[in-house]
Amino acid sequence: MKSAEIPTPQPDTAFNAPGKRNAVRAMFAEIAPSYDRLNHLLSVNIDKVWRRFTVKKLKDVLDRPGAIALDLCCGTADLTLELAPHARVIGCDFCHPMLVIGNEKIAAREARQATLAEGDALHLPFADQSFDVVTVAFGLRNLENVEAGLAEIFRVLKPGGRAAVLEFSRPIVPVFRQAFEFYFHNILPRIGALLSGSKGAYTYLPKSVSNFPPQKRLAEMMRSVGFADVRYHNLSGGIAALHLGERALPPASAKN
Ligand SMILES: C[S@@+](CC[C@H](N)C(=O)[O-])C[C@H]1O[C@@H](n2cnc3c(N)ncnc32)[C@H](O)[C@@H]1O
């Protein structure tokens, strides 16, 4: 049987759907060759502006001497590459074909501060308190357990470090929200299917975004795993949101 006759199963679009891990990985493997082109086309390049804004909000931490960053669910390394001019950065993803493309981009740009590692965001192969900055862009929504993913980010972050979660969210102005949702649910899946050859991936995207917690709820989830000073920025009217949280330094030990 030719592989084209075996359809890639679409991952469950429900929030925290147990067992969706393998289907998520297979879906990204299927769309890896067209991922970058479609990302930039379907967002009219606004995704690049959002990643740059993310790095701007991390710059003070990245500029610390010897700082090291982890870019989780790094895919084809777009955010990894935005971080690399400022600090050493490890991009981590569990989808090999996405990492292959990411590695080609890192080599082409001679981004010597960037390296990629294969790993699962829910079981990171890194010691506690290893990174000054941890980012995840458009990845958190895909995890089987979002709270466990946030707890894993908190675990590998150094005290005094900062986490940044860039994710699709809810447009805040009603008429704009309706217009965007029409595009997101009706037009984007058709263009995505046509250009990527994957029927499921661009249907999964809007459905999984609808089932993902809105801005305030995600901020509460970050606080519940231990993040301090959690705040968020709505991007492009709330189409996406950037959540930031700190891992507080331990209180100074009392002096006698
Ligand atoms: C929508 S892409 C985002 C890629 C990149 N961060 C960007 O900004 O374009 C989501 C990525 O998350 C990865 N991913 C999903 N679940 C994961 C997990 N449990 N562990 C590691 N990577 C995961 C997928 O393989 C995919 O590359």
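**Notebook: cavity, cores and rings**

I began with the largest cavity, for which I noted a volume of about 30 Å³, and I kept in mind that the model is a predicted one. I then looked up its lining and found E167, F168, S169, F212, P213, P214, Q215, L218, A241 and H243. The elements that give two or more residues to this lining are strand 5 (157–168), helix 9 (215–224) and strand 7 (240–246). Sorting the lining by class, I counted 6 nonpolar, 3 polar and 1 charged residues.

Next I turned to the nonpolar cores. The largest has 51 residues, and those with the most contacts inside it are F28, W50, L62, L166, F168 and Y202. Helix 1 (residues 21–42) gives the largest share of this core, 8 residues.

Last, I went through the aromatic pairs, of which the structure holds 10. F28 and Y35 form an edge-to-face pair, 6.4 Å centre to centre with 70 degrees between the planes, and both residues are buried. The ring centres of W50 and F138 are 6.1 Å apart and the planes lie at 45 degrees, so I wrote this pair down as tilted. W50 lies in helix 2 (residues 46–56) and F138 in the loop between strand 4 (131–137) and helix 6 (146–156), so their pair ties together parts 88 residues apart in sequence. Ring pairs also link W50 and F138 with F168, F180, Y183 and F184 into a cluster.

Key. Residues numbered from 1 in each chain as written. Predicted model: local features only at pLDDT ≥ 70, side-chain atom pairs only at ≥ 80, totals over all residues. Heavy atoms only, no water. 1 Å grid on protein atoms, 1.4 Å probe; cavity = no way out; pocket = protein on both sides within 12 Å on 5 of 7 lines; lining within 4 Å. Points joined across faces, edges and corners; volume = space filled by probe spheres on them. Helix = DSSP H or I, 4+ residues; strand = E, 2+ residues; numbered from the N terminus. Nonpolar A, V, L, I, M, F, W, Y, C, P; charged D, E, K, R; others polar. Core = buried A, V, L, I, M, F, W, Y, C linked by side-chain atoms within 4.5 Å. Buried < 20%, exposed > 50% of the residue type's maximum accessible area, 1.4 Å probe, protein only. Phe/Tyr/Trp six-rings, centres within 6.5 Å; stacked < 30°, edge-to-face > 60°.
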